[in-house]
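Good morning, and thank you for joining.

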Amino acid sequence: MPTRICVLNGPNLNLLGVREPHIYGTTTLAAIEKSCRELAAALGVRLAFRQTNHEGTLVEWVHAARDEADAIVINPAGCTFHSVSLVDALRAFEGPVIELHISNIHARDELHRHSIVSPAAKAVICGLGAYGYVVALQCAVRLLDALPASLPAAMRKGPR
Ligand code: CA2
């Protein structure tokens, strides 16, 4: 079975590239998905890419990922800062979870600074803009030790 990665996006991320480009850039979520699909094909992994404006749906998708995915990449957006339900759901997922943010949340205002999701994540990536999705996808596959053998050892394994 191919390695399966689930990329989940929380509330308002459907507005990417449309509103507040000074914070979140001009790249749309559709363009991000296209980029992720291109990389997934190159890495030989199966990708589910989803966005919802509903916290409960995000929780349901994390539950579904227990059967459908080997790793989760999640940009919880506004749920990052308040959703105990999402944190509980992520803790019940056995594979690696990568928390992702387009902006550097540590350099943001008080409201956007304190993630309650991070303690439930294996890794956190933020501040790389839309490119962060590509990096997170690669890292998720790396954490599963499933990067193609054709890639340089430095990418597959890192320093030894
Ligand atoms: O930087 C990120 O990826 C965030 O997760 C985005 C969230 C924000 O609450 C987090 O602090 C950081 C906001 C997502 C809303 O996205 C919008 C995009 C365009 C216009 C309005 C909202």
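I begin with Arg37 and Glu33, whose side chains meet in a salt bridge with an N to O distance of 3.0 Å. By salt bridge I mean a side-chain nitrogen of Lys or Arg within 4 Å of a carboxyl oxygen of Asp or Glu. Before going further, please note that this is a predicted model, in which local features need pLDDT of at least 70 and side-chain atom pairs count only at pLDDT 80 or more, while totals for chains, interfaces and linings use all residues. Residues are numbered from 1 along each chain as its sequence is written, and side-chain values use heavy atoms, with hydrogens and water left out.

Both Arg37 and Glu33 belong to helix α2, residues 29–43, and sit four residues apart, about one turn of the helix. Helices (H or I, at least four residues) and strands (E, at least two) are DSSP runs, numbered from the N terminus. Arg37 has a relative accessible area of 37% and is therefore partly exposed; Glu33, at 25%, is partly exposed. The classes are as follows: buried is under 20% relative accessible area, exposed is over 50%, and partly exposed lies in between, with a 1.4 Å probe and protein chains only.

How many salt bridges does this rule give? The count comes to five.

One of these joins Asp70 to Arg4 through their side chains, at 3.0 Å from N to O. Asp70 lies in the loop between α3 (55–68) and β3, and Arg4 in strand β1 (residues 4–9), so this pair ties together parts that are 66 residues apart in sequence.

Next, Lys157 forms a salt bridge with Asp145, with 3.2 Å between the closest N and O atoms. This pair links distant parts of the chain, 12 residues apart: Lys157 is in the segment after α6 (153–156), and Asp145 is in the loop between α5 (131–143) and α6. Lys157 is partly exposed at 33% relative accessible area, while Asp145 counts as exposed at 53%.
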